[in-house]
Amino acid sequence: MNFEFSEEQKLFADSVRRFALAHLQKDALARAHDPRFPFDVAKRMSEQGLMGITIAQEDDGQGGSLMDAVIAIEQIASVCPRSADVVQFGSFGPIRTFAEYGTPAQKARWLPELLTGRMVMSLGMTEPDAGSAATELKTSARPDGAHYLLNGTKVFSTFSPDAAIFLIYVRFGPGLGGIGSVIVERGTPGFVIGPPQSFMSGEEWCELHFEQCRIPAENVLLGPGGFKKQMSGFNVERIGNSARALAFGRYAFNQAREHAQVREQFGRPLCEFQGLQWKFADLAIKLEGTQLLLYRAAANADRGFPSAYETAVAKAACNQVGFDLANEAVQIMGATGYSRSTLVEYCMRRCRGWMIAGGSVEILRNRIAEHVFDRRFDQRPPRHADAAE
Ligand SMILES: Cc1cc2nc3c(=O)[nH]c(=O)nc-3n(C[C@H](O)[C@H](O)[C@H](O)COP(=O)(O)OP(=O)(O)OC[C@H]3O[C@@H](n4cnc5c(N)ncnc54)[C@H](O)[C@@H]3O)c2cc1C
């Protein structure tokens, strides 16, 4: 067992950090408060080889590992937290599922634009009546000659105000086996995108309505029975979510540590108060332990897809600890930390959302408990035989 980065990983981390300091540091605060996708950063990152880190070289990606992409998120977030979203988009998000399962024609059509930062993709999974119970989705895809007709509504999709294409989870038929996914382009007749709404983080999302929306059969990404594959891809997304949560927590922790060394009250720096020293010590213990859980899940990923269990453990821990770190950093920095002129409050708001997004910390605990007891716990109410009579 080795707890050190390899020489190659150290060099990569160093080069990403230098890139971030040179190009992203200056506008980090303004970027955090801009609700829209930073296409300028995506284009720069593409030139630097930071888009498609986890995507195969034959698909014009970098052919790197999930661990490489985690390193990139950490280094970018340590300088400009908001820009880490671009690494998420380019290496962890729906693009990863798309590159894995897309047909050569689909990939040729959309990957070049996505990987050069000129286009962003959004994932439509959640519906008004299907949140944590994702398999209850109702958006339907009905065959219509060489086309499919889509009907339904999606909510809360990240990057939806800016996305040109959408990876939409749909129902081709009943049950788990009826779920698959399709690609829908902005502007397709019958695809109505509502006005932007805001999360607490300032990020915007739009309702996506499909009203007899007709798409060609070539736009099917995964047909009926594709749900399991979609979830394997989604575990990659969860690692990116975990990496950002912990990196944002670390960013806030570091800001608070600097602050505690220079801010004086009662004639001495804050770091000389034992109450704050122990707070930092407790946070450091959480940070170090959680970092290892994240690295385990990323480093053990098989063919780039991490195990569902290790991902659940890493995400539940990173989401909670990232938020705890940022939340305590706000407290340690007092009104300065609570002010929008620092990035600490931004990190806290973002981390809060990841405790809900992409598998809430409660749903992840359900998954972990199933592993602990080695049995499945159905979350649906039991169906009594007499109720059906
Ligand atoms: C910042 C952000 C970004 C998002 N981005 C996207 C995106 O890009 N695409 C997309 O499709 N969706 C996205 N979502 C939506 C996200 O996937 C859902 O919010 C999530 O699945 C939870 O669903 P819900 O909000 O409807 O909560 P609900 O499912 O209604 O749950 C409410 C509460 O009950 C708890 N709960 C529910 N069931 C159980 C259970 N069985 N056991 C214990 N507790 C339970 C939940 O953990 C939660 O705390 C995003 C959400 C956020 C906050």
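This is a predicted model: local features need pLDDT of at least 70, side-chain atom pairs count only at pLDDT 80 or more; totals for chains, interfaces and linings use all residues.
**View 1. Packing of helix α9 against helix α10.** Helix α9 spans residues 274–299 and helix α10 spans residues 308–332; their axes lie 9 Å apart and form an angle of about 155 degrees. That angle makes α9 roughly antiparallel to α10. The crossing of these two helices, α9 and α10, is left-handed. On the α9 side, the contact is made by Leu276, Lys279, Phe280, Leu283, Lys286, Leu287, Thr290, Leu293, Leu294, Arg296 and Ala297. Helix α10 contributes Tyr309, Glu310, Thr311, Val313, Ala314, Ala317, Cys318, Val321, Asp324, Leu325, Glu328 and Ile332. By class, the residues of this contact of α9 with α10 comprise 15 nonpolar, 2 polar and 6 charged.

**View 2. Packing of helix α10 against helix α12.** Helix α12 is formed by residues 344–354, and its axis comes within 8 Å of that of α10, with a crossing angle of roughly 155 degrees. The two helices, α10 and α12, are therefore roughly antiparallel to each other. Their crossing, that of α10 and α12, is left-handed. From α10, the residues in contact are Lys315, Asn319, Gly322, Phe323, Ala326, Asn327, Ala329 and Val330. From α12, they are Val344, Glu345, Cys347, Met348, Cys351, Arg352 and Trp354. The contact of α10 with α12 consists of 9 nonpolar, 3 polar and 3 charged residues.

**View 3. Packing of helix α6 against helix α8.** The axes of α6 (residues 94–101) and α8 (residues 227–262) come within 8 Å and cross at roughly 140 degrees. Helices α6 and α8 are therefore oblique to each other, an angle over 145 degrees being required for the roughly antiparallel class. The crossing of α6 and α8 is right-handed. Pro94, Arg96, Thr97 and Tyr101 of α6 meet Lys229, Gln230, Ser232, Gly233, Phe234, Val236 and Glu237 of α8 in this contact. The residues of the contact of α6 with α8 divide into 4 nonpolar, 4 polar and 3 charged.

View 4. An N or O atom in the side chain of Thr126 is 2.7 Å from a nitrogen atom of the ligand. A nitrogen atom of the ligand also lies 3.1 Å from a backbone N or O atom of Phe156. At Ser360, a polar side-chain atom is placed 2.6 Å from an oxygen atom of the ligand.

Definitions and conventions. Residues are numbered from 1 along each chain as its sequence is written. Side-chain values use heavy atoms; hydrogens and water are left out. Axes are lines fitted to C-alpha atoms, for helices over the stretch in contact, and angles run from 0 to 180 degrees between N-to-C directions. Helices (H or I, at least four residues) and strands (E, at least two) are DSSP runs, numbered from the N terminus. Angles under 35 degrees count as roughly parallel, over 145 as roughly antiparallel, 65 to 115 as roughly perpendicular and the rest as oblique. A crossing is left-handed if the near helix is turned anticlockwise from the far one by less than a right angle, and right-handed if clockwise. Contact means heavy atoms within 4.5 Å. Ala, Val, Leu, Ile, Met, Phe, Trp, Tyr, Cys and Pro count as nonpolar, Asp, Glu, Lys and Arg as charged, and the others, Gly among them, as polar. A polar contact is a pair of N or O atoms within 3.5 Å; within protein, one must be able to donate a hydrogen and the other to accept it, and residues adjacent in sequence count only if both atoms are side-chain atoms.
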